[in-house]
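My entries follow the structure.

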Amino acid sequence: MKFGILLAAFGASNQQAHHTLRLFDERVRQRFPDMPVRWAFTSELIRDRLAARRMKTDSVTKALQKMCFEKFTHVAIQSLHIIPGAEYDDLCLDAQNMLQGPECVASGQEEAAGNGFMPNLSRFQNVAVGKPLLHHEGDVQRAAAALVDNLPQERQVGDVVVFMGHGTWHTGDSRYEDLSAAVRGIDPDVYIGTMDGSHTIDDVLPALVNAGAQRAYLLPLLSVVGRHAMRDMAGNQPDSWRSRIEQAGIECIPVLKGTVEYGGFVNIWIDHLEEAVNAIRP
């Protein structure tokens with residue numbers, strides 16, 4: 001038997017994000033020193049951008065194929081997504097397909113084969129997927145405490161804090177509402193919205209105006225600081241969250257810090273990974 005870990009993140013193409021993921025990688029290796037760690041990016045767009053810069057990254061399926069060819073028999077996959085949405089569903093499906101497929105495939109020999117992947121005689125014996133950050137109510141409460149612990153230290157009385165998540169029309173989007181309620185139960189001057197889904201900047205902005213906010217700190221509720229945080233949240237274009245808040249007459253201070261940089265969030269993900277590791281152990 002050979003055990004391994006696959007970490008699956010949405011992905012990012014900037015140095016800050018890659019540095020953050022390396023720090024997470026170090027935490028995982030410290031917690032599970034006897035298990036090799038591999039990575040996959042779930043965003044095809046991110047993988048294409050990195051490929052254009054000659055930076056090789058793998059999809060979940062490709063990473064699992066490689067691990068199978070390396071004779072791994074038991075794999076724990078950990079999602080670095082925030083909610084149990086469509087990407088988490090796809091991750092679980094990829095894992096199930098590799099576990100139930102007729103055979104694993106040998107990655108790296110496709111050129112020699114001349115026509116796709118060559119078959120390999122080995123196959124996985126067990127695969128388990130770790131839950132995303134906000135999977136159940138206990139996660140929500142822990143994440144709310146982590147958010148409040150990481151509010152800007154220079155914040156003064158009356159300053160509001162706005163977090164921007166990705167959002168989705170998947171049912172998992174409700175976890176953002178759960179987190180918002182939990183956080184506002186601790187600090188009513190903290191607001192959570194998403195780019196897509198049921199609670200966007202069009203909902204957050206009137207709440208800020210009605211509250212008489214004069215200054216807002218703006219942070220991403222995203223795993224790492226990538227294009228969404230740099231452009232959609234903190235960018236200078238008229239439709240960015242920063243611009244929309246400033247257009248409402250509120251001073252806006254972006255803070256570019258991803259949730260993987262929050263120790264409390266990392267602890268939740270690693271605890272979920274430990275559950276997955278325990279699930280694959282005989």
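I counted as a salt bridge a side-chain nitrogen of Lys or Arg within 4 Å of a carboxyl oxygen of Asp or Glu. The model is predicted, so I noted that local features need pLDDT of at least 70 and side-chain atom pairs pLDDT 80 or more, while totals for chains, interfaces and linings use all residues. Residues are numbered from 1 along each chain as its sequence is written, and side-chain values use heavy atoms, without hydrogens and water.

By this rule I find 13 salt bridges, and a network of them links Arg 31, Arg 142, Asp 271 and Glu 274.

I looked up Arg 38 and found it paired with Glu 70, with the closest N and O atoms 2.9 Å apart. Arg 38 is in strand S2 and Glu 70 in the loop between H3 and S3, so this pair ties together parts that are 32 residues apart in sequence; helices (H or I, at least four residues) and strands (E, at least two) are DSSP runs, numbered from the N terminus.

For burial I took under 20% relative accessible area as buried, over 50% as exposed and anything in between as partly exposed (1.4 Å probe, protein chains only). Arg 38 is partly exposed at 28%, and Glu 70 is partly exposed at 30%.

Next I checked Arg 155, which forms a salt bridge with Asp 187 at 2.8 Å between the closest N and O atoms; both residues are buried.

Last, I turned to Thr 73, in the loop between helix H3 and strand S3. Thr 73 is buried because its relative accessible area is 13%.
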